[in-house]
Each structure stands twice: as C-alpha cells, then as structure tokens.
Amino acid sequence: MNAPTTKLKSYIIVPFGNSRVSFAAHSVIELISLGKLQKFPHRTSWISGVIVRRNRVIPVCDVVGLLGETNAPVCRFYLVAEWEEGSTRDWCAIPVAGECELTNAEAIMHIDADNQKPHIAGFLQVGDERIQILDLAKLIKARRMQHEANVAEASS
Amino acid sequence: MKIVSSELQLPARRGRTEAVILFVVAWQTFAIAASAIDEIRSTDSFSLTASEITLKSVSKVKHRLRRGAKWYYVVNACAHFELPVSPPTLVLVLRNSRIAVLVDQIDRIETISRLMVIPRCFSGPELLWYRGLTLIDGNVIPVVNPSGFLTENEIMQLDVLDSSASVPVQSEITSRRSDTHGVSP
C-alpha cells in the first residue's frame, strides 16, 4: 500500500450507469448534443460509429464496450475528449446522459498500485462517493490490446 | 473545456485533389481512387473469361478472371467488408495488381481534397482496408486501399492452387447472382 498523494485539479464528473467516473478537465473538448451517427464497415468492437464535428471525424465509443458498463445510460450528449498517444493527439466521443459536473478536487493517486487498473489514474472523494479518474489514453490502449488479443485468439 | 487549436483541425493532406469513384456494396458507399481502376466490367461480360477457384482460407475469392495473359482474383466486396449479401453487377479491375472486385453499382465520380487518416481508436482490419476517410456532402466515406483486398500472402496461396483444379464457370456468375458470398445479416 502506497501512501496517498494529493493534487488539486479540475475534473469533469460523468454518470455511467449506476456509478460516476471522471476525466481530467483539460482532456475534455466539449459536450455536444447527439448528432447524426454515421457508420461504415469496421471491426473495432467498442466503436459504434463516427460523428463529424468541426470538420473532423470523431469515433463514438460504445460505453458498454469501452468501460464494461452493463447498464448503459440513456444518452443525450456526447462528451468529446482528447487523448494522446506518443506525440499524436486524437479525439473520441463518449455518449453521456448529460448530468456532467465540473469540480475542483484533490485527486487521491495510487491507492493500491498493485491492484489498480492501469486506466484508472486515481480517485476523487466527493462526499461518501469515491469516483474513478479515467485515463482515456490508457483505457483506449487497453481496449485496443484486448481487441487484438481476441482477434488473434479467434483466428488461431 | 478549452478552445480548439487550429492545429488540430488540419486535414491529413492539403492542397491536393484526387478523383475518386464512389461505388456501392450492400447499400454502403465507398470511394476508390479513379487512378486505381483499370477497367469496369459488367458481370455479364466477364463470365466467359472467369473460372471458379476455391480456397478455404481465402473464401472471399470464388472466381478468377482472365484478362490478356494475366489472371485476376475476384474479391467479393460483401464478403471482404462483412456486409449483408447483395447482388454484384460490376467488376472493378484494379490497376497494377492482380485483383478485381465485385461491387453492386457505381454511384458517381467525385473530386476530393481531403483524405483524413482513420482515427487512432480504430484497431481492426479497417486500418488495412482503408487509406483514410473523406467527407462528401457531410457524409463520411471510407476511401478503400486497393491493395487491402488481398494480402500478398493470400495472393501467394491462391497462386499455388493448381490451375488445373479450376473449371470454366460459363455464365454462372450471372445466373447465380442471388448466391453471392457476403455474410448474411
């Protein structure tokens, strides 16, 4: 068990099914109403389609596939967030119910480094609730690796 | 929240235009560079020069097409993109390759000025299928990679099949249009 360290930062708290998760506010581009979801053939299981925003094509993540959330919320908005891989930045849209909350809070980092999932950057303590801080880049990379492993297993 | 920097909105390529042919497979529109197409044939016209070929590991190829001294492997686009079965009426013979593609119909020719890279979230074979994405009338159209229809390894596997195993198909393609090779919905 590591000693917790704290940092004061801004976070966007988003409801997902029965729980809430948060993203670092600097990674959130905007919250937009649901637009036309466009589809073309692909086999990335956790992407449900794409939207066009600011002349960009933005993949829409399937919340169930991305977060493993079984109770997918009724979504009315897309949270457009940025994630980085190496020197490249990209956007993705996450369907959310809309009750997003901007908060300044102390993040509790590395509660239990051994058991903590890699895509969880830490936690926010809001009242009695402990809210995961998601690292979108690590989450997407993890899903990509899982997807590639599933494909390899299916083809072997 | 933050203001979007102009840097982020740059297309993958700027200042170039490219003629693309829009084609339809199972009600899905795709684009392919016009320069990548050598010939567009009706399936009626190629049936006499096609023969059947069966390789379990490359099931999207059911025919090969003789054109001059070369054999072209005919890929069913429905099967390639895992789309519902639809009746092909045209064959796109690709340039500088040994691949031909069965498609439902040609929509039109367009000129595009932007080819956007596929977002990095995608991780499946679509990275091989497409050169990128383009926007036409607000619609996202995937621009196919001509060399993505068959890998070198798949072509090699098809090559090693004994040509004597192939039999003339006669008019089978036109007579069996309902029996195409896509994936049933």
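User: Where is B:Asn96 placed in chain B?
Analyst: This model is predicted: local features need pLDDT of at least 70, side-chain atom pairs count only at pLDDT 80 or more, and totals for chains, interfaces and linings use all residues. Residues are numbered from 1 along each chain as its sequence is written, while chains are lettered from A and ligands numbered from 1 in the order in which they are written. Strands are DSSP runs of E with at least two residues, numbered from the N terminus. B:Asn96 lies in the loop between β7 (90-94) and β8 (99-103) of chain B.

User: Is B:Asn96 buried or exposed?
Analyst: A residue is buried if 20 or more other C-beta atoms lie within 10 Å of its own, exposed if 12 or fewer, and partly exposed in between, with C-beta atoms placed from the backbone. B:Asn96 has 10 other C-beta atoms within 10 Å, so it is exposed.

User: What is the order of the strands in the open sheet of chain B?
Analyst: Two strands pair if DSSP finds at least two bridges between them. The open sheet has 6 strands with mixed pairing, in the order β3-β7-β8-β6-β5-β4.

User: Which strands of chain B stand at the edges of the sheet?
Analyst: An edge strand here has a single partner strand, so one side of it is left without a neighbour in the sheet. The strands in this position are β3 (37-42) and β4 (50-52) of chain B.

User: How many bridges join β5 to β6 of chain B?
Analyst: Strand β5 (residues 61-67) and strand β6 (residues 70-76) of chain B run antiparallel. B:Arg66 stands opposite B:Trp71 in β6(B). The number of bridges joining β5 to β6 of chain B is 6.

Terms used: Helices (H or I, at least four residues) and strands (E, at least two) are DSSP runs, numbered from the N terminus.
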